Structures are given as C-alpha cells and as structure tokens.
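Please go through this model one element at a time, from a single residue pair out to the contact between chains.

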Number of protein chains: 2
Amino acid sequence: MKHKKVSLSDIAEKLGVSKTLVSMVLNGKGDENGISKATQERVFKLAQELNYKPNQFARSLRIGKSNTIGLIVSDISNPFYAKMARYVEDYCSQNQYNLIICNSDENSTKEHKIIDTLLEKQVDGIIISSTIEDTEHLQKIQNEQVSYVLVDRIYSSYPSHYVVVDNVFGAREATQYLLEQGHKRIACFTISPAHISTQVERFLGYKQAIDLSTESFDDFYHKVIPRENMYKSIYNILRDWSNNKVMPTAIFSANNQITLALLEVCKEMKILIPSKLSIISFDDIDVFRFYNPPITSVLQPIESIAQKAVETLLKVISKTKANEELNELYQVKLQTNLILRESVAKYN
Amino acid sequence: MKHKKVSLSDIAEKLGVSKTLVSMVLNGKGDENGISKATQERVFKLAQELNYKPNQFARSLRIGKSNTIGLIVSDISNPFYAKMARYVEDYCSQNQYNLIICNSDENSTKEHKIIDTLLEKQVDGIIISSTIEDTEHLQKIQNEQVSYVLVDRIYSSYPSHYVVVDNVFGAREATQYLLEQGHKRIACFTISPAHISTQVERFLGYKQAIDLSTESFDDFYHKVIPRENMYKSIYNILRDWSNNKVMPTAIFSANNQITLALLEVCKEMKILIPSKLSIISFDDIDVFRFYNPPITSVLQPIESIAQKAVETLLKVISKTKANEELNELYQVKLQTNLILRESVAKYN
DNA sequence: CTGAAAGCGCTTACAG
DNA sequence: CTGAAAGCGCTTACAG
C-alpha cells in the first residue's frame with residue numbers, strides 16, 4: 001500500500017510526453033500553447049487516475065510565491081478576533097490562499113518572533129493587528145518586500161495600507177447618547193497598553209463628545225485599566241469613587257474584556273445597572289446580548305473588516321508582484337453601529 | 001533598497017567555503033562534522049549580518065517535511081473551538097510547527113475539499129474534528145501516509161488515534177444531578193447532524209442516568225435540534241409541550257449553541273429559570289457564567305484536549321517518519337467537570 | 001504542436 | 001576538516 005507520491009514525470013513517462021507538456025496542461029495553459037485536445041484529455045485523465053497532487057513546495061520554490069498569508073492578532077480566543085479570523089480565513093480560501101493565524105498575546109517580543117517566522121515561511125502577505133508601539137517591525141516586513149495591511153490598529157505616523165473602523169466616531173456617538181440621556185459625570189475605561197490606536201481613538205471620541213457638550217471634560221474620569229489585573233483594578237477604582245462620593249453615573253468602556261470585568265465588579269459590589277450605573281461598551285459580543293440587562297454596545301462590522309482586509313492585501317500583493325508603482329495607499333475606514341439595549345438609563 | 005534574498009551560496013561565496021559547510025553549520029551539525037570553531041563563528045556571524053533566512057520551500061522539498069499541521073473544526077468562531085484552536089496553535093508553535101486552521105461549517109463536501117487542500121500542501125499531520133459520517137476521508141488521509149488524530153469527535157467503528165472527553169460520563173453526571181434535585185421529567189436536546197459522536201454519547205449518558213434511576217426513560221423527551229433553525233424549532237417544541245401540559249421540569253442541553261437558543265426562547269416565552277425550568281448545558285462558555293441566573297454546565301478541559309492532541313499527533317508523525325510499526329493506538333479520554341451554578345432548582 | 005534543459009535553494013550521501 | 005555533485009518536483013524561457 002506504500003505507494004510513492006506521483007509526480008509530473010510519472011505522468012509524462014506513462015504518457016510518453018514531456019514534463020513540460022503535462023505541466024502546461026495541468027495549469028490550464030494547454031490551449032494557449034496549442035496542445036491538442038486529445039493529448040490534454042489523456043493528461044487530465046491519467047492525473048485523475050493516479051490522484052496526482054502537485055508538490056506545492058516545488059511550485060513555490062520555483063515561482064517564488066507561497067499562496068499563504070499570515071494573520072497576527074493578540075488573541076484568537078477573544079470573540080472579536082475569533083470572528084475576524086473566521087472571516088479572514090473564509091475570504092482567503094475563496095481566493096486559494098492559506099492562512100496562518102498567530103497570537104501575539106500583546107507581547108512585543110513574541111510579535112517580533114512571529115513576524116520572523118512568517119517571513120521565513122515566505123508568506124505572500126501579512127494582515128496584522130499589532131501590539132508594538134514603534135514601527136520597526138513594519139520596516140522589517142517591508143525590507144523583505146512582503147506586503148502587509150494593518151487591521152484594527154494603525155500607526156498615525158507611519159503611512160500604511162489599513163482597514164479599520166471609525167473609532168472616534170463610534171466612541172463619540174456612544175458618549176453623546178449618554179449625554180442625551182442626561183448623564184453628566186461619564187467615565188471612560190480604556191485597556192492597556194495605552195498606546196494602541198483603538199484605545200487612543202476611542203478615548204478621543206469620548207472626549208470630543210464631552211467637549212462638544214455643555215459638560216466639561218475631566219481627566220479624572222479617564223482610567224487606563226491594566227489588562228493583567230482588570231477585575232482588581234476596576235474594583236479599586238469603583239470603591240474609591242464610591243467612598244469619595246464621586247461615582248460617575250455612566251461609564252463608556254472602550255474594550256469588551258474591560259466591560260466583562262466591569263460587569264463582574266458591579267455584580268460583586270451590588271451596583272445596579274442601569275439604575276445606579278449606565279454602561280456602554282465598544283464591541284458587541286454574545287455576553288452583552290444575553291446579559292441582564294442587555295448591554296448597549298458599539299457594533300463593529302467584523303465581516304466587512306475581514307473582507308476588506310483580505311481584498312486589500314491581495315491587491316497590494318498583485319501590484320507588488322507586477323512591480324507596479326504603489327504610490328496609492330489603500331486606507332479603508334468602516335462605520336460602527338450603536339446597538340441600543342437596556343444598560344443605559346435616563347438621568348436627571 | 002531592493003535587495004535580493006540571500007541564499008546559502010551567497011554566504012558560502014563570500015566566505016570562500018562550500019554550501020555544504022554553511023548548511024551544516026547553520027543546522028547545528030558543525031560539531032558533529034568536525035568543522036573548526038573558527039569557521040563556524042565566521043559562518044554564524046555573516047549569516048546574522050546578511051539577515052539570512054533559509055528558504056523553507058527548498059528545505060521542505062528536499063527533506064519532504066513541511067513542519068506544518070492542519071486543524072479542521074466546524075467553526076472557529078464558536079467559543080469552544082476558538083479556545084481549542086488557540087491552545088493548539090500555542091503547542092504547535094512551541095514545537096516549531098505552523099498551523100493552518102480550516103472551518104468545515106458542518107459541511108461534508110467542504111471538509112473533503114479542505115482535506116484535499118491540506119494534503120496538497122503536504123502538511124505533516126492533521127488534527128480533525130470531523131463532520132463527515134463515514135470514514136472515507138480518513139482512508140484518504142491514510143493513503144497519502146499523513147498522520148492524523150481525531151479530536152472532540154470520533155468513529156467507534158474505525159480505529160484511530162484520538163483525544164476526546166468522556167461525554168457519556170459528563171452527560172450522565174449532569175443528568176444525575178438533575179435527578180438528585182428531584183426532577184422527574186428531564187428532556188435532552190442534541191444538535192444536528194445527529195450522527196456526531198459527541199451528541200450520540202451525551203444522549204447516551206443522559207439515558208444511562210435515567211435508566212439507572214427510578215424514573216423510566218421516554219424517547220419523547222429527546223429532541224434533535226436542527227442547527228439551521230435552532231430558535232424556531234426549540235420555540236415550537238416548548239410551545240407544544242406547554243400546550244399539552246407535558247412540559248419537562250429540566251432540560252439537559254448537549255451543545256452550547258443549542259443552549260443559547262434555548263435561553264432566548266425561554267426569555268421570549270417568559271419561562272423562568274430555574275423556577276419553571278432547570279437547565280444544564282454541555283460546554284462552559286462566557287455567556288453561561290454571566291447569565292442571570294448563571295448556567296450550570298459541564299466544563300471541558302479545553303487546554304488539555306489541545307495539548308494532548310498536538311502531543312499525540314507529533315508522536316505519531318515521528319513514529320511514522322521513523323517507519324516504526326505503529327501497532328499501538330493513542331486514545332486519550334479526558335474528564336469533564338460539572339460546574340454548579342444557579343440554573344437548576346430543587347423539584348418536589 | 002512538443003521537448004530538452006536550466007534553475008529555484010536547500011540537504012545529504014560520498015569522496016578525499 | 002571540507003567540497004563537488006546529485007536531486008527533491010516543479011515552471012519557464014528557448015528552440016525547433
């Protein structure tokens with residue numbers, strides 16, 4: 001039963017033709033090279049019979065293209081990235097690309113290693129939601145002439161192709177909704193590391209909304225929650241606020257993990273939502289829909305993000321291969337949607 | 001800036017040595033081939049300077065090993081598989097293996113295609129949670145002499161390596177808990193397709209518990225919920241039960257997606273949990289922990305499943321490569337844990 | 001219409 | 001201690 005893998009030459013030999021011919025036919029270039037229909041038939045038939053599978057390594061080695069792309073996110077078990085990865089994989093396979101998914105765990109060192117590995121594997125391109133503060137790694141990718149597109153997170157100072165969501169708008173809309181409901185003391189929770197663009201932008205949107213209102217902005221109500229210790233630090237913050245009688249009436253949480261921890265703390269401290277505290281969260285995960293009360297949240301169009309990201313990357317890859325000048329930057333910004341539920345009460 | 005990728009020969013040339021030597025040194029075989037320390041130093045140094053990255057395709061082509069494994073699951077955005085994929089990826093990268101993750105969507109045709117692709121990519125092995133009813137595809141994988149291990153789902157009639165959870169035990173324990181709380185009419189929901197081993201086994205555990213008790217088993221209370229139409233079909237079932245005054249007092253749900261739909265239906269129909277209906281679910285996902293009331297559930301040791309799966313696969317791969325007789329079958333069965341929360345009430 | 005040949009970049013007997 | 005050579009399986013100019 002130990003049958004050796006069949007190769008091009010096996011087919012060529014049995015048919016009494018050359019490898020060249022077989023290769024052409026199997027790659028659909030039979031017609032354009034004027035191979036007779038009859039011969040083409042024989043090739044296809046035998047390939048089928050022998051269950052021929054082209055060796056992708058040989059092929060990749062020869063044509064310098066792996067048909068593989070890499071996706072780097074912080075943690076694929078976070079529902080947001082899980083969904084994103086799912087759709088990215090869909091669009092990749094639709095385009096005959098394989099996907100290698102990697103988790104950085106918000107660890108710069110790890111992310112650098114991942115990039116090195118991906119580069120060694122000669123991926124054709126990388127879709128990356130980066131945790132690294134500077135842009136050395138992007139430089140490195142570019143030096144190896146591999147294409148990449150940023151997704152979810154960007155660098156304002158480093159021009160790149162990207163696909164993101166309008167975080168400023170989404171956060172502003174959410175905060176404005178809170179203001180409309182009469183809230184005056186509105187806090188904002190972001191997650192560490194603080195340099196990540198999504199967190200910076202969502203804070204900015206929050207601030208814009210307040211600055212545009214009759215309320216005045218107070219940095220006191222913006223807290224960066226360390227991701228290693230979310231529950232405890234949120235607990236301490238709420239306790240302090242409570243002790244000092246400066247409890248906000250609403251919180252805009254810029255990250256789904258933070259919100260989860262916040263909900264646990266509220267439960268523990270018996271802070272009723274929304275009667276004592278109104279909450280809006282960025283991201284719309286299952287828990288928010290099922291929570292009691294259901295949590296009002298900012299929905300990101302995850303499927304579109306994924307689709308655009310793959311689409312953009314493939315465009316960049318083909319332009320690069322064709323050695324076209326790529327003076328145009330693909331920068332896609334998608335809209336969010338505020339999903340009204342029951343975690344926000346009127347305040348007066 | 002367009003610098004050509006550096007190859008072994010580039011290094012060899014600049015150093016005035018052969019490719020052979022460079023290859024040996026870089027692969028850590030310098031000592032065993034008696035290459036002088038000094039020479040080794042020079043090789044390492046230059047490789048570093050030139051930022052040399054071995055071409056994996058050339059390497060794989062030559063040694064016939066890709067250092068890549070495939071993971072096939074139904075849907076990576078399902079939290080259970082998301083977590084599993086995350087851990088599998090962790091253990092793979094710890095062992096210098098790359099991971100290609102694929103989604104079958106419970107579609108046999110799609111899964112067959114995925115397997116073909118993976119085989120073409122010459123993965124070294126496959127970890128598979130299969131949706132296919134027969135075992136043709138496993139035969140196909142074996143014919144290409146690639147190693148595989150089943151995970152989560154198995155075939156009782158087809159001997160394979162596998163890593164699973166003791167579904168019968170987990171389901172029986174859950175149902176017995178329900179019986180202990182005084183429930184007599186206990187229903188069981190499984191998800192389609194009905195042939196999947198997890199669903200078969202969980203139903204079996206449920207049935208065992210009832211058979212072992214003083215109650216008598218009634219197939220009337222076992223429903224297979226079609227996955228395309230979960231909400232509607234559960235709604236209809238509960239409505240019928242209710243209309244006919246045969247509502248069970250507890251439901252054991254063998255799948256997390258089913259449970260989610262069930263919770264929605266209960267909310268819609270204003271069936272109070274647990275006072276009107278007690279619920280236990282297989283799988284422990286975030287929603288269950290945050291739900292009001294928190295849902296009692298059967299926790300699977302996802303990290304161990306992933307770890308064992310990778311470990312087993314790598315063992316099988318190395319034995320196969322070494323052409324050792326593989327008469328031993330690796331079959332790992334892990335224990336579940338019943339997490340007691342508040343979705344089950346006493347009944348009398 | 002078709003084929004011989006080169007070459008992608010590596011590793012590994014083999015030879016000295 | 002070190003190197004020349006073969007070969008993994010493919011694709012692609014080039015030649016006729």
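Ala187(A) stands opposite Ile251(A), a residue of β8(A). The strands concerned, β6 (residues 186–191) and β8 (residues 250–253) of chain A, pair in the parallel sense over four bridges; strands count as paired if DSSP finds at least two bridges between them. Helices (H or I, at least four residues) and strands (E, at least two) are DSSP runs, numbered from the N terminus.

This is a predicted model, in which local features need pLDDT of at least 70 and side-chain atom pairs count only at pLDDT 80 or more, while totals for chains, interfaces and linings use all residues. Residues are numbered from 1 along each chain as its sequence is written, and chains are lettered from A and ligands numbered from 1 in the order in which they are written.

In chain A, β6 and β8 belong to an open sheet of six strands with mixed pairing, in the order β7-β6-β8-β9-β10-β12. Its edges are β7 (222–225) and β12 (337–339) of chain A, each pairing on one side only. From one strand to the next the twist averages 20°.

Helix α9 (residues 197–212) of chain A lies across β6, β7, β8 and β9 (278–282) of that chain, at about 170° to β6(A). Axes are lines fitted to C-alpha atoms, for helices over the stretch in contact, and angles run from 0 to 180 degrees between N-to-C directions.

Between the chains, 32 residues of chain B are in contact with 32 residues of chain A, contact meaning C-beta atoms, placed from the backbone, within 7 Å. On the chain B side, α5(B) gives the most, with six residues.

Note on methods. Contact = placed C-beta atoms within 7 Å.
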